[in-house]
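These are my notebook entries on a two-chain model. I set down what I looked up, in the order in which I looked.

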Amino acid sequence: MSRLIEKHFNLLAVGALVMGGLWIAASRLPPSDLAETLAVPQAGFLAPEFTLPSLSGEPIALADLRGHPILINLWASWCLPCRAEMPAIQRVYDEYRDQGFIVLAVNMTLQDSQAGAQAFVDEFDFTFPVLLDVDGDVARLYRLRGLPSSFFVDAFGTIQEVLIGGPMDEALLASRVQQLLEAGQ
Amino acid sequence: MFPILQVGPVAIQVPGFILLAGLWIGLTFSERLLAETKRPPVPLGVVSNLALVSLLAGALGARLGYVLTFPSAFQLNPWNLLSLNPGLLHLGIGLIAAIVAATIYSQRQGLAALLMLDVFTPLLAVLSTAWFFSSLASGANFGLLTELPWAINLFGSLRHPSQIYDTLVAALILAALWWQRRSFQLGDGRLFFVFLAFTAGSRVFLEAFHATGPSVLEGWRINQILAWLVLAFSLWILRNPKGSKSR
């Protein structure tokens, strides 16, 4: 068998390369066919839409924020990594908010409490919108697997990256925000 | 898809765990390949030493590469330079740093490059399988929409189980090479380049079923084109072997 392969190696190699080239040509797809139009909480897909009340009572809809790079951070006040990463999120928000960066900190109120969320926000004086997922709709929509969960959404509404677990540090957040800003240009 | 395994209060990142397990198993395979030769051309400890040097240089290079790519991101908190977060690594630059470090270490220790490539082929083959299996765990590299009977329901639609194709083919290449390992002369590089040719060939074929991955110019997939070039290079090397031929 190996002697046969050695004897006809050139023919087999050229055949493999020609077949490979033809397959590459045959399997190409227009980029538009690769674009995902489904809303799924997974990198490469559109971020599922939601509308939630903020701590101040004002409703905020994700759809209204299209055109901005967004970090959707799912958290709870009892979750230690969530608490650890929030100050870093605030610092990065302060740094990039002028460039259109938005943070939606969605409290998993069904597993937490509004009072707990409010006390945590007051303690650190966060200035980004904190939303209340009272009925667990966003937890279901985003298939919550662990806290914290972060979804980096570009200006076109596409999820670029999902990070489950934490805490995230400033450099990670800032570099991802820079990528989102570049992607939106 | 199972990206997180919750064990009590601890959330284990399954893809990372699979890659670490792959590294350990692959090193074991490489050490065994060397140990099986009648007169090992280099001490057995060379495998773990070279792997350690490559890993350390790779990690350092990957972090340095990330810092150079996003220098301003580290201005908010310079301590993040020392962060253990794997998200702050530039994989491409890390790989180059690991290869450079491995080359320098091999030259200083008088280790032949082709021999080292052959010895580390089982590690690369196991890591390749582990990489695709980790994609199955994370949900990355998912497949195109299809209505074939073996399609899987992923993200609300029927898709090619591309991660399963990738894992099975990588495992087949590993199994075939391991089974045939005694028909190769360790040190002439043929084991490595046969692995490279089969892997590149499989990527040319299987990338076509991926919905993800960069594409250029009217849907030509860059991953397929790169794989085709690697296949051509591997076949050219196998056609013109520098070392002795297989037994």
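**Conventions.** I worked from a predicted model, in which local features need pLDDT of at least 70, side-chain atom pairs count only at pLDDT 80 or more, and totals for chains, interfaces and linings use all residues. Residues are numbered from 1 along each chain as its sequence is written, and chains are lettered from A and ligands numbered from 1 in the order in which they are written.

**Confidence.** I noted an ipTM of 0.84 and a pTM of 0.83 from the predictor for the complex. Where pLDDT is low, predicted coordinates should not be read in detail.

**Contact between the chains.** I counted two residues as in contact if their C-beta atoms, placed from the backbone, lie within 7 Å. Chain A contributes 36 residues and chain B 38 residues. On the side of chain A that touches chain B, at least two residues each come from α2 (9-26), α3 (31-34), α4 (80-96), β7 (159-164) and α7 (170-183) of chain A. Helices (H or I, at least four residues) and strands (E, at least two) are DSSP runs, numbered from the N terminus. The largest share of that side, nine residues, is from α2(A). I recorded its classes as 19 nonpolar (Ala, Val, Leu, Ile, Met, Phe, Trp, Tyr, Cys and Pro), 11 polar (the others, Gly among them) and six charged (Asp, Glu, Lys and Arg) residues.

**Sheet of chain A.** I traced an open sheet of five strands in the order β5-β4-β3-β6-β7 (chain A), with mixed pairing; two strands pair if DSSP finds at least two bridges between them. Since β5 (130-132) and β7 of chain A stand at the edges with a single partner strand each, one side of each is left without a neighbour in the sheet. Strands β3 (70-75) and β6 (149-153) of chain A pair in the antiparallel sense over five bridges, and L71(A) has F152(A) as its bridge partner in β6(A).

**Helix α2 of chain B.** Which residues of α2(B) are buried? I listed V46(B), V47(B), L50(B), S54(B), A57(B), G58(B), G61(B), A62(B), R63(B) and Y66(B). A residue is buried if 20 or more other C-beta atoms lie within 10 Å of its own, exposed if 12 or fewer, and partly exposed in between, with C-beta atoms placed from the backbone. The buried residues of α2(B) pack against α1 (14-36), α3 (91-108) and α4 (113-119) of chain B.

**Single residues.** I found a cis peptide bond between L147(A) and P148(A), with omega about -10°; P148(A) sits in the loop between α6 (137-141) and β6 of chain A. D125(A), not a glycine, has a positive phi near 55° and lies in the loop between α5 (114-124) and β5 of chain A. D125(A) counts as exposed, with 7 C-beta neighbours inside 10 Å. N141(B), also not a glycine, has a positive phi of about 55°, but N141(B) is buried, with 20 other C-beta atoms within 10 Å. Most residues other than glycine have a negative phi, and most peptide bonds are trans.
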